[in-house]
Amino acid sequence: MTVLLTGGAGYIGSHTAVELLLNGCDIVVADDYSNSSPVALQRVKAITGRDFPVYAADVTDPAAVRRIFAEQTIDCVIHFAGKKAVGESVEVPLAYYRTNLDAVLTVLECMRESGVSRFIFSSSATVYGSQNPIPYREEMPRGQCSSPYGSTKAVIEQMLEDLCRADSGFSAVLLRYFNPIGAHPSGLIGEDPLGIPNNLMPFIAQVAVGRRERLTVFGGDYPTPDGTCRRDFIHVMDLAAGHRLAAQYAMEHTGAAAINLGTGRPYSVREVIAAFEQASGRAVPFVVGPRRPGDLPEFWADAGKAERLLGWRARYGLPEMCRDTWRWQQQNPQGYPRE
Ligand code: WQD
């Protein structure tokens, strides 16, 4: 099986690339490096000892995507490419709709021109909105998303369901990620956010390594056991395995299937800080500040469907997530070398 990874140099894409290459799949990567580094792909090659074609391409460009399908034989597409900063999406919503919708539409149209009909989409638990009871189950209705970023995910899920209804030969797996953290155990690839991290784990790691003075915990008065929010953190290597199994599933089934990728077990912000201090042996100074608008007190996955459909289950716990994040951060205190 040859899998095209759009956004394959990014955080989740690069880990999925390793997982596919080490399990007998071939890959082709397309990435415009707008929020990623080509060094990540060199490191994927170093970890796996395997080479693969790479296109420095913006997948909103139909000519660039057409060329990939003309030159390569692709069985399945895993579509990671897109803008992903929740806060930024509130500031510039049109840029989010333009980029995320153009990218997926271009890729899907080029797939149809080339007769490729297996598609895996990077969706998010944010599509459950704020009204559904926890744990989230896939048959619950999509909710009102708190950000344009989330709305692009919900709209694209709807588009893929419509496409599968219209084309009985098409297969789409909508992978709803919970909170991916961690890194490849080699410490060679990991999450490398541009500028000030928006997400909890990269911020904690940058504090521990000395790049930032202290963490601000957004809210200590939530109705949770310790007053801080709780999330379903999932190791990026588990997430990567979920993508490989989803691609296999898409080869054997048609129709649209939404699948949660989470552990089913929440941890609070305070628990994550404590686990990171334990794993790194470093202090993570923090202050408790006001709540961040749009944050939900807590949510986690019902992970049963992933197990039933894919035979997938998360293998790593919070200590491994912290250990591997720390190894990556320590070995790459400034992230990937800038070229
Ligand atoms: C986790 C918890 C914060 C930073 C978002 C998107 C989701 C997905 C992943 C991806 C919350 C708290 C955070 C900080 C803090 N998007 N926090 N101080 O918001 O659950 O999910 O990222 O592409 O779609 O919604 O993740 O890591 O931002 O926050 O206290 O400096 O950590 O308030 O409770 P979130 P997160």
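How many salt bridges does the structure hold? The model is a predicted one, and the structure holds 21 salt bridges. Some of them are taken up below.

1. Arg-142 and Glu-157. These two side chains form a salt bridge, with an N to O distance of 2.8 Å. Arg-142 sits in the loop between strand 5 (118–124) and helix 6 (148–166), while Glu-157 belongs to helix 6, so the contact ties together parts 15 residues apart in sequence.

2. Glu-298 and Arg-230. The closest N and O atoms of this salt bridge are 2.8 Å apart. Here the pair links distant parts of the chain, the residues being 68 apart. Glu-298 lies in the loop between strand 13 (286–289) and helix 10 (304–310), and Arg-230 in strand 9 (residues 230–231). Arg-230 has a relative accessible area of 18%; because buried means under 20%, Arg-230 counts as buried.

3. The network. Salt bridges with shared partners join Arg-142, Glu-157, Glu-161 and Arg-176 into one network. The pair of point 1, Arg-142 and Glu-157, is therefore part of a network that also includes Glu-161 and Arg-176.

4. Arg-214 and Glu-213. The side chains of Arg-214 and Glu-213 meet in a salt bridge at 3.4 Å, N to O. Arg-214 is partly exposed, with a relative accessible area of 40%. Glu-213 is exposed, at 63%, the cut-off for exposed being over 50%.

Note on methods: Residues are numbered from 1 along each chain as its sequence is written. This is a predicted model: local features need pLDDT of at least 70, side-chain atom pairs count only at pLDDT 80 or more; totals for chains, interfaces and linings use all residues. Side-chain values use heavy atoms; hydrogens and water are left out. A salt bridge is a side-chain nitrogen of Lys or Arg within 4 Å of a carboxyl oxygen of Asp or Glu. Helices (H or I, at least four residues) and strands (E, at least two) are DSSP runs, numbered from the N terminus. Buried means under 20% relative accessible area, exposed over 50%, partly exposed in between (1.4 Å probe, protein chains only).
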